[in-house]
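Try each one before you read its solution.

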Amino acid sequence: MIKPINGMLLVKEIERGEEKTQGGLILSATLEKYGPKKGTIITVGSPETNHFTGGFIPMTDYSEGDVILYPDHTGQEIKDNNETYLLINYKHIMAKVIE
């Protein structure tokens with residue numbers, strides 16, 4: 001397992017398949033190619049160090065299992081046990097999805 005450090009989050013992207021409108025039109029996943037992506041936080045890393053005070057910046061806004069939105073082309077893709085994940089800095093998170 002991968003344990004992120006220094007303000008990083010391990011995220012599993014939520015793949016979007018084809019969606020159908022009420023009128024029966026099929027929307028291809030390529031329409032969602034650009035714009036924010038959606039993912040689930042797998043692991044929250046250790047806090048980032050505040051270089052001015054020497055203390056830590058708490059990451060209390062994020063928990064394992066949270067669904068988040070983040071910009072396209074953000075983070076570093078990594079593989080572990082045949083699963084693909086993203087390592088994303090917490091500063092790049094745009095929003096949490098509340099359902």
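Strands here are DSSP runs of E at least two residues long, numbered from the N terminus. Two strands pair if DSSP finds at least two bridges between them. The model is predicted, so to speak of a local feature takes pLDDT of at least 70, and side-chain atom pairs count only at pLDDT 80 or more, while totals for chains, interfaces and linings use all residues. Residues are numbered from 1 along each chain as its sequence is written, and side-chain values use heavy atoms, with hydrogens and water left out.

**Exercise 1.** Work out how β8 and β9 are joined.

- Start with the pairing: β8 (residues 76-80) runs antiparallel to β9 (residues 83-89), over 5 bridges.

**Exercise 2.** Is E48 buried or exposed, and what does its side chain meet?

- Locate E48: it sits in strand β5 (residues 48-49).
- Check accessibility: E48 counts as buried because its relative accessibility is 13%, and the cut-off for buried is under 20% (1.4 Å probe, protein chains only); exposed is over 50%, partly exposed in between.
- Look for a partner: the E48 side chain makes a polar contact with the K91 side chain at 3.5 Å. Such a contact is a pair of N or O atoms within 3.5 Å; within protein, one must be able to donate a hydrogen and the other to accept it, and residues adjacent in sequence count only if both atoms are side-chain atoms.

Technical notes
Helix = DSSP H or I, 4+ residues; strand = E, 2+ residues; numbered from the N terminus.
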